Amino acid sequence: MTTVVPLSGEGAPRWPGRPEGAPPFSEYVVYVDESGDHGLAKINPDYPVFVLAFCIFHIPTYVGQIVPDVQRLKFKYFGHDMVVLHETEIRKQAPPFEILRDQNVRGEFMSDMNDLIIRSPFAVTASVILKEEYRLRRGESTNPYHVALELGLERVFLHLQSLGQRGRPTRVVFEGRGKKEDAELELEFRRIMDRTQMQGMAQTLDFLCASKQANSTGLQVADMIARPIGLHVLRPEQENRAWDIILPKMRTSPSGRVDGYGLKVFA
């Protein structure tokens, strides 16, 4: 049985390297991934959206349950844990997921993956940009990624604030896309923190970029989440088993409303 060390209250660990009087680290960590291209010059008519999904994990649960569950899934199907779960490669059955070309293996794998997500407790917020409408209204002078980022970070902060984490440094982890792109993303993140009118947000959210080689469980879970949200926004009446699994994890209003709270659609 896994022993979980508390992050606050009696018996909480000290924070090595933290200056005296500094706020303790957050009890949560946030992983971010995207779906779709945020460019506006050429818009894919089959998927004319850009999605930025934020997955908010309670650290003891993430370390004690979610990471081991993902590792077990990898060992079951691949015999090692070096494989990186990537939605596009899984969907296209590209290496190393060519094993999914076997219908029986694919059925069992997808069932195991769905069960893993269902039993993993984490919260989701997402920003979706409708690119055609966005381009018509705002042209190509503003970056849809930056708009989605600000909308998402605001909702992440509000969720963390409701959990008593305001002012406690919370890592927001993005997957690296290249040295230049990562620097531009961090600069925009800092600009959002500088101009925000939400008191406490700049003291709570902290930027971190991880390389693809990091094999981060949180980033892989976020990657599984983003595209089904985009498909739901595009075709809400279409059957979408993945969205049905994600929906209970979406941030909601006190009355249970998702739109505008856990899911922000912007045109």
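**Exercise 1. Is E188 buried or exposed, and which residue pairs with E188?**

Step 1. E188 has 7% relative accessibility, so E188 counts as buried. Buried means under 20% relative accessible area, exposed means over 50%, and partly exposed lies in between (1.4 Å probe, protein chains only).

Step 2. This is a predicted model: local features need pLDDT of at least 70, side-chain atom pairs count only at pLDDT 80 or more, and totals for chains, interfaces and linings use all residues. Residues are numbered from 1 along each chain as its sequence is written, and side-chain values use heavy atoms, with hydrogens and water left out.

Step 3. Look for the partner. E188 forms a salt bridge with R195, and their closest N and O atoms are 3.2 Å apart. A salt bridge is a side-chain nitrogen of Lys or Arg within 4 Å of a carboxyl oxygen of Asp or Glu.

Step 4. Check R195. Its relative accessible area is 40%, so R195 is partly exposed.

Step 5. Widen the view. Salt bridges with shared partners join E150, E188, R191 and R195 into one network. By the salt-bridge rule, the count comes to 15.

**Exercise 2. How far apart in helix α2 are R91 and E87?**

Step 1. Find the bridge. R91 and E87 form a salt bridge, with closest N and O atoms 2.8 Å apart.

Step 2. Count along the helix. R91 and E87 are four residues apart in α2, so about one helical turn separates them. Helices (H or I, at least four residues) and strands (E, at least two) are DSSP runs, numbered from the N terminus.

Step 3. Compare accessibility. R91 is partly exposed at 36%, whereas E87 is buried at 15%.

**Exercise 3. At what angle do the axes of α1 and α3 cross?**

Step 1. Read the geometry. The axes of α1 (residues 59-78) and α3 (residues 103-119) come within 10 Å and cross at roughly 175°. Axes are lines fitted to C-alpha atoms, for helices over the stretch in contact, and angles run from 0 to 180 degrees between N-to-C directions.

Step 2. Name the arrangement. The two helices, α1 and α3, are therefore roughly antiparallel. Angles under 35 degrees count as roughly parallel, over 145 as roughly antiparallel, 65 to 115 as roughly perpendicular and the rest as oblique.

Step 3. Find a link. K76 and D112 meet in a salt bridge (2.7 Å, N to O). K76 sits in α1 and D112 in α3, 36 residues apart.

Step 4. The axes of α1 and α8 (residues 217-234) come within 10 Å and cross at roughly 70°. That makes α1 roughly perpendicular to α8.

**Exercise 4. Which side chain of opposite charge is nearest to K131?**

Step 1. K131 lies in helix α4 (residues 131-138).

Step 2. Search for a partner. K131 is buried yet has no salt bridge; the nearest side chain of opposite charge is D37, 5.0 Å away. Lys and Arg count as positive and Asp and Glu as negative, while His and the chain ends are not counted.

Step 3. Look at the backbone. The K131 side chain reaches the backbone oxygen of G39 at 2.9 Å.

**Exercise 5. Where is the cis peptide bond, and which loop holds P96?**

Step 1. The bond from P95 to P96 is cis, with omega near 5°.

Step 2. P96 lies in the loop between α2 (87-92) and α3.

Step 3. Q93 is also found in the loop between α2 and α3. Q93 has a positive phi of about 55°, although Q93 is not a glycine.

Conventions. Polar contact = N/O pair within 3.5 Å; in protein donor to acceptor, adjacent residues only side chain to side chain.
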